[in-house]
Amino acid sequence: MKNLKLVTLLFGMVCCVTIQAQERQKNILLICMDDLRPELNSFGVSYIKSPNIDKLASDGRVFLNHYVNSPSCGPSRYTMLTGRYGDPGNDAIFERAEKLKVNPNSVPPSMPEWFRNKGYTTVSIGKVSHHPGGLGGKDWNDVNVIEMPNAWNEQLMPVAEWEHPRGAMHGLANGEIRATGKTKMDVFQSFDGPDTSYPDGHIANEAIKQLGKLSSQDKPFFLAVGLIRPHLPFGAPKKYFDLYKNVILPPIQSPEKPTSVSTWHNSSEFFQYNLWGKNPNTDKEFADEVRKHYAACVSYADQQVGFILAKLKETGADKNTIIVLWGDHGWNLGEHAIWGKHNLFEEGVRSPLIISYPELKAKGKQSNGIVETVDIFPTLCDLSGIEKPSFANGESLLPILKDANSSGHVAFSYNGKANSIRTMQYRFTLHKNGATELYDEKSTAKEAKNIAQENPAIVEELKLLLKNKLDKLN
């Protein structure tokens with residue numbers, strides 16, 4: 001009889017624990033990657049060494065056709081963190097903070113604030129909003145100038161030998177900080193040292209530390225980690241560059257400067273660095289050297305992702321955590337004679353998106369549906385079982401997570417000079433002066449040939465689709 005009572009008691013305790021585990025809201029781990037092209041092994045680029053992101057991809061859903069809403073750090077992160085289209089300038093998030101000061105009721109809550117109000121502990125580490133650490137001021141460390149008020153319980157940015165977040169943002173080895181004036185920082189570097197030779201090693205270490213703390217508490221957590229590489233300058237430990245020393249790179253697609261109207265620019269951000277008198281648009285050997293250092297930065301960032309995910313698994317919190325890996329925009333490596341972002345070609349606005357969670361079916365199956373960054377906010381609400389915001393401009397990706405063959409929707413992008421939409425077949429861009437670009441993405445020419453003049457009916461049809469998106473922006 002005593003044994004029967006003991007068994008009954010133990011059974012009740014197990015059931016109670018099981019029910020509690022089922023009822024507990026899911027944690028969220030958001031990993032933000034800076035300037036990361038969708039050039040990863042898991043996205044079909046075989047020469048890139050990205051084993052940790054590839055492992056995440058095999059456990060999750062890869063969105064092969066994810067497009068950011070603006071090809072620049074500030075406005076893209078604005079859309080991700082608010083679920084709304086916004087201003088195309090890099091100060092979009094700071095401008096939102098100023099509006100909050102004037103009239104708090106005029107600005108909807110951000111995504112981390114939304115989750116914080118639902119009982120989550122929210123923590124950001126590294127570059128999640130535009131400034132690493134989420135502060136303004138001269139060196140981006142003024143605690144009185146908060147980029148996203150009310151969003152985070154803690155916002156952290158380890159600066160190590162780079163002195164301040166502004167220095168770490170463009171930091172090279174041994175505490176080197178990008179200066180203004182005649183002295184130019186090298187555009188790439190491969191220092192023979194540990195991962196902490198560059199800022200992302202410290203960001204990953206802080207993320208590991210926070211995962212240890214957050215996973216032991218009773219409340220669900222929303223942890224956002226922003227890695228800086230592969231953002232310029234392309235500096236990473238030598239061991240990552242060594243992975244590409246003998247790699248033969250594929251040719252650059254459409255390397256010529258467009259002859260018709262486009263969002264081409266002169267790559268001023270790239271050319272402000274020391275290039276040793278070389279130009280990658282005319283020097284193939286130098287172009288390949290730049291591309292290999294970019295690839296080294298991708299592998300370096302990938303390793304930091306690996307360290308973070310390993311810690312999540314070690315804590316056991318992986319069994320109840322939604323993981324999102326998101327790239328804030330693409331980056332042209334010579335396509336259309338551009339070395340940088342800030343353009344509305346495919347290379348500027350297409351970026352990686354991977355979502356993984358324990359209950360996902362058909363893990364590793366890829367989606368070809370068109371999706372956009374503003375979709376992340378409502379998707380995380382659906383996956384967490386909390387109310388979706390009525391003010392969000394995006395659509396939940398839950399149908400595609402349930403069935404990878406589900407269709408997506410039109411994606412909207414803008415850069416201040418033009419607005420663009422992407423359908424399954426076309427990219428259509430309308431400039432502020434009325435000029436148009438139309439590319440057939442299913443043709444062999446893709447974005448090397450503007451076919452707008454030959455297809456006025458398609459242009460008019462896509463103008464209407466674009467207007468529907470613009471109505472949400474205004």
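## Reading the elements

The structure discussed here is a predicted model.

## Aromatic pairs

A pair of aromatic rings is described by how far apart the centres are and by the angle between the planes. The count for this model comes to 20 aromatic pairs. One of them joins Trp114 and Phe391, whose ring centres are 5.6 Å apart. Planes over 60 degrees apart count as edge-to-face, and the planes of Trp114 and Phe391 stand at 85°, so this pair is edge-to-face. Trp114 belongs to helix α5 (residues 111-117), while Phe391 is in the loop between α12 (376-384) and α13 (398-402). The pair therefore ties together parts that are 277 residues apart in sequence.

Are these two residues buried or exposed? A residue counts as buried when its relative accessible area is under 20%. Trp114 has a relative accessibility of 12% and so is buried. Phe391 is buried as well, because its relative accessible area is 16%.

## A second pair and a cluster

Phe270 and Trp331 form another edge-to-face pair, because their planes are at 65° and their ring centres are 6.3 Å apart. Phe270 is part of helix α9 (residues 268-271), whereas Trp331 is in the loop between β10 (321-327) and β11 (332-333). Parts of the chain that are 61 residues apart in sequence are therefore tied together by this pair. Phe270 and Trp331 are both buried.

These two residues also belong to a cluster. Ring pairs link Phe270 and Trp331 with Phe234, Phe271, Tyr294 and Trp339.

## Charges over rings

Lys118 lies over the face of Trp114, at 4.9 Å from the centre of the ring. A further case involves Lys257, whose charged end sits over the ring of Trp264, 4.0 Å from the ring centre.

## Features of the backbone

Most peptide bonds are trans, and most residues other than glycine have a negative phi.

Ala160 is in the loop between β6 (154-156) and α6 (165-169). With a relative accessibility of 40%, Ala160 counts as partly exposed. Ser267 is in the loop between α8 (238-241) and α9.

## Cavity and pocket

Rolling a probe the size of a water molecule over the atoms shows where empty space remains. The model has one cavity of 30 Å³ or more. About 50 Å³ of space lies in the largest cavity. Its lining includes Ser124, Val128, His131, Glu147, Met148 and Trp152. The lining residues of the largest cavity divide into three nonpolar, seven polar and one charged.

The largest pocket has a volume of about 720 Å³. Of the 24 residues that line the largest pocket, Gln253, Glu335, Glu347, Arg350 and Lys446 are the closest to its centre. The lining of the largest pocket consists of nine nonpolar, four polar and 11 charged residues.

Gly119 lies in the loop between α5 and β3 (121-126). Its relative accessibility is 28%, so Gly119 counts as partly exposed. Which residues does Gly119 touch, not counting those up to four places away in sequence? On that basis, Gly119 touches Lys219 and Pro220. Gly119 and Asn141 are 22 residues apart in sequence, and their C-alpha atoms are 28 Å apart in space.

Technical notes:
Residues are numbered from 1 along each chain as its sequence is written. This is a predicted model: local features need pLDDT of at least 70, side-chain atom pairs count only at pLDDT 80 or more; totals for chains, interfaces and linings use all residues. Side-chain values use heavy atoms; hydrogens and water are left out. Rings of Phe, Tyr and Trp (its six-membered ring) pair if their centres lie within 6.5 Å; planes under 30 degrees apart count as stacked, over 60 as edge-to-face and the rest as tilted. Helices (H or I, at least four residues) and strands (E, at least two) are DSSP runs, numbered from the N terminus. Buried means under 20% relative accessible area, exposed over 50%, partly exposed in between (1.4 Å probe, protein chains only). A charge sits over a ring if NZ of Lys or CZ of Arg is within 6 Å of the ring centre and within 35 degrees of the ring normal. On a 1 Å grid over the protein atoms alone, a cavity is a set of points where a 1.4 Å probe fits but cannot get out, and a pocket is an open set with protein on both sides within 12 Å along at least five of seven lines; lining residues have an atom within 4 Å of a point. Grid points are joined across faces, edges and corners, and a volume is the space filled by probe spheres set on the points. Ala, Val, Leu, Ile, Met, Phe, Trp, Tyr, Cys and Pro count as nonpolar, Asp, Glu, Lys and Arg as charged, and the others, Gly among them, as polar. Contact means heavy atoms within 4.5 Å.
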